[in-house]
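Welcome to this structure. Here are a few notes to read alongside it, taken point by point.

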Amino acid sequence: MEVIVLASNKRRLFLIFLLSVVLFRSQKFTHVSAVNYTKPHRQVSSLRAERIQKHLNKINKTPVLTIQSQDGDVIDCIPKRKQPALDHPLLKHHKIQKAPTRMPQMMGKERSDDVKEAANVLDSAWQMWHVNGTRCPKGTVPIRRNTMNDVLRAKSLFDFGKKRRSIDLDRRTEKPDALATSGHEHAIAYTETSSEIYGAKATINVWDPKIEEVNEFSLSQIWILSGSFDGPDLNSIEAGWQVSPELYGDNRPRLFTYWTSDSYQATGCYNLLCSGFIQTNNKIAIGAAISPLSTFKGNQFDITILIWKDPKMGNWWMGLGDNTLVGYWPAELFTHLADHATTVEWGGEVVNTRSSGRHTTTQMGSGHFPDEGFGKSSYFRNLEIVDSDNSLVPVHDVKILAENTGCYDIKSSYSNEWGTYFYYGGPGFNPRCN
């Protein structure tokens, strides 16, 4: 898309028309619901605009190459040593780790022919910005450019790129990350063990759940947790796929990461929207749209995510497939996770705002209940954890939890091919959903 500069006031209406055409054309690449994901025009004071632009200048680094994605995203290729992560005060003297000292022991498994795993497609167009064939050069990392509109969709500049706290820390129960306060609802499997945990892995199929309100989201992810659930020091590392109109301005499922070291209060953010996560891969853009997607009664597309702690350097690495490294969360960012994890969760989360006085129709996973099974429901399969020997160990005993089973549910099982797995999700509002 060409950049058009119109100095004349008389031609501003023409610019608005052109932008509307571009936005309309960009919707053809994936399903778009009837929801208007753009907030009504509101006046922005010059002081606020100045503050937002200053923040954007900080996180949008100067690229050596810019790639225009067919879905409207702009991907900047940023020199690896100038990426936003290294602006963090705790990483002032951090030396980028090129690769982990040792990968966890991988365990090969037979797969169904109608499941296409991400490990086989990471070199093809599995993210939408890959379609035109352009890639970021070596020595750079691809970063999705952020805009003024992205920030304006957030509640405030402070809230931009952050999860709203989903729990009331004073009313926390012993159940992990699963109280349906602030509208957050879950369908998760989790494991708690007396042994130290150093990572987790799972394969997740990717869908495009429909979102009713712009400030709601639907995600499917792995949580690596340590610290106190009833205090301000919970550490969390998260990765998966999500649909978030507020964060991205559309309803496309996107690869994402998250971290916090203080129970989602001030530290951490999604993707690379603040300093922290260090990216090392020049072919994967965190926050970019995923394609193809699973289809109802059709082909299933899934991605395998592995998160583990490097046994020598202590950094928490993220991998896709069996051998593709994305980057890492430096050990300096954390308190409890600087040592090890105590809990792992796998599953889905949505926000239900009850904006119309009832549960919204925001879907989790495929939007279908788990009892519908393969090809219809969402799944996590081959659940594994990383032990103190840096070995992947199949998980045999998981607990499952869903706060409102009439809206979203979860059912776990075991098979020789899929190991421990579960189906999860649901449509949100329906006759069974309160």
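1. Contact, as used here, means heavy atoms within 4.5 Å. Helices (H or I, at least four residues) and strands (E, at least two) are DSSP runs, numbered from the N terminus. Buried stands for under 20% relative accessible area, exposed for over 50%, and partly exposed for in between (1.4 Å probe, protein chains only).

2. Please keep in mind that this is a predicted model, where local features need pLDDT of at least 70 and side-chain atom pairs count only at pLDDT 80 or more, while totals for chains, interfaces and linings use all residues. Residues are numbered from 1 along each chain as its sequence is written, and side-chain values use heavy atoms, with hydrogens and water left out.

3. Ile52, Leu56 and Ile59 are the buried residues of α2. They sit on the same side of α2, because they cover an arc of only 70° around the axis; the arc is that of the directions from the helix axis to the C-beta atoms. Part of what covers them is α3 (148-153). The face turned away from the buried side carries exposed Ser46, Glu50, Arg51, Lys54 and Asn57.

4. Next, the interior. A nonpolar core is a set of buried Ala, Val, Leu, Ile, Met, Phe, Trp, Tyr and Cys residues joined through side-chain atoms within 4.5 Å. The largest such core has 83 residues, and Ile224, Trp316, Trp329, Trp346 and Tyr424 have the most contacts inside it. A second, separate core has 11 residues, among them Ala85, Trp308, Trp317 and Val386.

5. How many disulfides does the structure hold? There are three, a disulfide being a pair of cysteine sulfur atoms within 2.5 Å. Cys77 and Cys136 have their sulfur atoms 2.0 Å apart. Cys77 lies in strand β2 (residues 74-79) and Cys136 in the loop between β3 (115-117) and β4 (140-144), so this pair ties together parts 59 residues apart in sequence.

6. The disulfide of Cys269 and Cys274 has its sulfur atoms 2.2 Å apart, and with -90° about the S-S bond it is left-handed. Cys407 is joined to Cys433, S to S 1.9 Å; the torsion there is about 90°, so that disulfide is right-handed.
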